[in-house]
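Subject: Structure for you to look at

Dear colleague,

I am handing over the structure we spoke about, and below it I have set out what was found. Please read the notes with the model open beside you.

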Amino acid sequence: MGRAPFRGVVPAYRRNMRDLDAPRLPSSPGFWRSPLRGPWFTSVLGLVLLVGITVLFVTGLVSYAAYNPDLSPVNDKTPGKGILGFYLFAWPTDPHWLYRLNQGVHVTLGITLIPVLLAKLWSVVPRLFALPPARSLAHALERISLLLLVGGALFQFVTGVLNVQLDYVFPGSFYPLHFYGAWVFFAAFAVHVLLRLPAALRNLRHLREERSDLVSPRPAEPTVSRRGALWFVGGGSLLLLATTVGQNFDGPLRRTALLAPHGGGDPGSGPNGFQINKTAAYAGIDAAETGEDAWRLVVTGRTGTVRLRRDELLRLPLYSAALPIACVEGWSTSDQWWRGVRLRDLAALVGYDDDPPDVFVESLQRSGAFRKAALRANQVADPRSLLALYVNGEELSPDHGHPARIIVPAAPGVLNTKWVARMTFGDL
Amino acid sequence: MLRLLPRVPIGSPLQLLLLACSFALAAYAGVRLLADDWLGVALWFVGVALLHDLVLLPLYAIADRAAVRGLGAVRRRVGAPPTPSRQWGRVPYVRVPAALSGLLLLVWFPLISGMVERRYRFGTGLPADVFLARWLLITAVLFGGSALLLALRLLRLRRAAKHRPPVVH
């Protein structure tokens with residue numbers, strides 16, 4: 001009986017008698033004694049992961065495209081991607097919450113799936129030790145593929161979970177590791193689904209327990225039903241979801257994300273109090289460089305170079321846009337009310353009156369992966385794309401990019417360059 | 001000569017084709033994954049799988065078995081009825097909060113342990129020393145809630161026993 005709690009008396013179980021013939025090695029089927037293991041349990045978890053991981057993979061690819069890596073080398077942390085970038089497209093600016101939603105789903109769902117992944121791996125662990133190591137060539141290759149599947153899944157989840165906590169202990173930059181790791185994992189995942197999905201669906205349709213190597217030949221006394229175990233896994237997912245998802249909303253909802261990196265509360269109060277990715281101190285911004293006397297915005301284009309003081313910028317037409325900050329790490333703010341100069345007006349200043357081109361933006365920031373970033377022509381042309389000088393009715397604070405920062409609808413957080421020093425318009 | 005070799009079963013040709021296709025894609029991405037620090041990345045890739053299968057899983061399985069045995073022993077000593085349908089009656093009240101608390105610790109260990117405290121505080125402008133306290137509070141709520149549920153259940157059972165007519169059948 002697959003669906004029902006484990007039924008019947010367990011003959012092999014002898015409570016107070018020492019099992020003299022107890023198998024000592026994990027390679028023997030009798031070593032694994034949980035009565036929960038079986039094709040039904042594994043199939044349910046497998047189908048949840050099939051749906052969940054497919055969403056993770058797709059949102060991951062979309063997130064990768066959102067950086068416009070094919071636009072300019074400064075946006076591309078994976079220059080050797082080759083055909084893996086086959087699907088890239090010009091990232092749109094509509095709807096303005098597109099990246100916020102995509103990345104919120106990617107990270108929040110990934111964290112929520114952790115208990116399901118752990119339970120799935122637990123449910124099939126006897127197979128890791130099964131002997132003989134291979135019954136046929138195809139079986140041997142499938143087992144090698146499973147190493148890529150399990151190693152790949154854990155590698156992706158671990159690098160993701162560490163990255164959102166700013167714990168950069170993994171060997172290299174997050175972008176190439178998580179991107180290429182995703183493709184290695186996906187290769188193994190796709191073939192695993194093709195080979196196993198028919199059996200998984202059969203297991204769920206047929207309510208009787210099929211004979212399977214997963215079912216323990218000498219099961220222990222059950223301490224929970226299979227249904228109970230699934231509820232328990234779901235409860236773990238729910239707990240992680242409940243303590244994470246709030247980091248995508250301002251106000252009281254953020255307070256519910258008790259353990260998420262950008263949950264709990266805001267770093268400040270007032271108009272500039274919302275979430276910060278990297279503070280001015282962290283980015284090494286010197287207050288002397290951003291002062292009224294020192295700072296100049298250097299805009300270069302078809303007709304040459306223009307240098308603008310902040311008060312000169314303020315004399316240009318100012319516009320407002322309500323846009324969120326959405327980070328690759330899976331946190332975001334609600335819409336903030338930005339005010340500043342339209343990027344396409346800045347392009348017009350240097351000779352691009354009706355045809356705003358791409359722009360290359362440089363920050364005062366001395367180091368950091370995205371202190372230089374490129375925006376595509378469609379992003380420059382959007383009337384909501386601003387070089388913001390104010391937020392929520394107040395001057396930008398140093399931590400939010402004073403004296404001026406980029407804000408573009410639907411763009412990943414790091415492409416909204418802070419402490420802008422130089423903008424070069426022209427085809428990249 | 002060939003006859004002396006043992007016959008190796010090949011298996012399903014379709015399966016072989018699919019696997020070859022998968023390996024080709026994995027290798028294409030794999031050489032790029034390993035391009036910078038091949039040893040480090042390979043160690044991580046295999047290491048996380050080994051750590052999970054040979055350390056984490058056995059650890060929590062042993063801890064769980066010990067907890068179940070411990071609770072079983074307590075139950076027998078107190079002399080609760082060993083009815084099969086109720087035999088796991090009290091185990092979940094300890095097991096579930098402990099596992100959920102452990103899960104949160106596992107996922108958010110860098111923040112809870114404070115190992116990224118400096119970078120986190122400096123980078124985000126948020127206080128970094130709150131996560132341990134929050135995790136402990138959640139743990140307290142989980143165990144407290146579980147204790148409350150168990151107490152209510154015991155109370156209900158006792159009441160039911162009192163109201164039950166003394167004559168059987």
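Buried area, as the term is used here, is the accessible area, taken with a 1.4 Å probe, that two parts lose on being put together, summed over both. Please keep in mind throughout that this is a predicted model, and that every value below was computed from it.

The interface between the chains

With that definition, the area buried between chain B and chain A comes to about 6,300 Å², and carbon and sulfur atoms give 76% of it. In terms of residues, 63 from chain B are in contact with 84 from chain A. The count of salt bridges between chain B and chain A is 0, whereas 15 residue pairs, both partners at pLDDT 80 or more, are in polar contact between chain B and chain A. On the side of chain B that touches chain A, at least two residues come from each of helix H1 (13-33), helix H2 (38-78), helix H3 (91-107), helix H4 (109-113), helix H5 (117-124) and helix H6 (131-163) of chain B. Of these, H2(B) gives the most, with 16 residues.

Cavities

The lining of the largest cavity divides into 21 nonpolar, 11 polar and 3 charged residues.

The loop between H1 and H2 of chain A, and other backbone details

As background, most residues other than glycine have a negative phi, and most peptide bonds are trans. Against that, Asn68(A), which is not a glycine, has a positive phi of about 50°, and Asn68(A) lies in the loop between H1 and H2 of chain A. Pro95(A) is found in the loop between H1 and H2 of chain A as well, and a cis peptide bond, with omega about -10°, joins Asp94(A) to Pro95(A). A cis peptide bond also joins Leu131(A) and Pro132(A), with omega about -5°; Pro132(A) sits in the loop between helix H3 (125-128) and H4 of chain A.

Over all chains the structure holds 15 salt bridges, and one of them is formed by the side chains of Asp94(A) and Arg384(A), at 3.1 Å from N to O. Asp94(A) lies in the loop between H1 and H2 of chain A, and Arg384(A) in the loop between helix H12 (377-381) and strand S7 (386-391) of chain A, so this pair ties together parts that are 290 residues apart in sequence.

A residue within H1 of chain A

Leu50(A) has its place in helix H1 of chain A. Leaving aside neighbours within four places in sequence, Leu50(A) is in contact with Phe189(A), Val193(A) and Leu197(A). The C-alpha atoms of Leu50(A) and Val233(A), which are 183 residues apart along the chain, are separated by 16 Å.

With best wishes

Technical notes
Residues numbered from 1 in each chain as written. Chains lettered and ligands numbered in written order. Predicted model: local features only at pLDDT ≥ 70, side-chain atom pairs only at ≥ 80, totals over all residues. Heavy atoms only, no water. Contact = heavy atoms within 4.5 Å. Salt bridge = Lys/Arg side-chain N within 4 Å of Asp/Glu carboxyl O. Polar contact = N/O pair within 3.5 Å; in protein donor to acceptor, adjacent residues only side chain to side chain. Helix = DSSP H or I, 4+ residues; strand = E, 2+ residues; numbered from the N terminus. Nonpolar A, V, L, I, M, F, W, Y, C, P; charged D, E, K, R; others polar.
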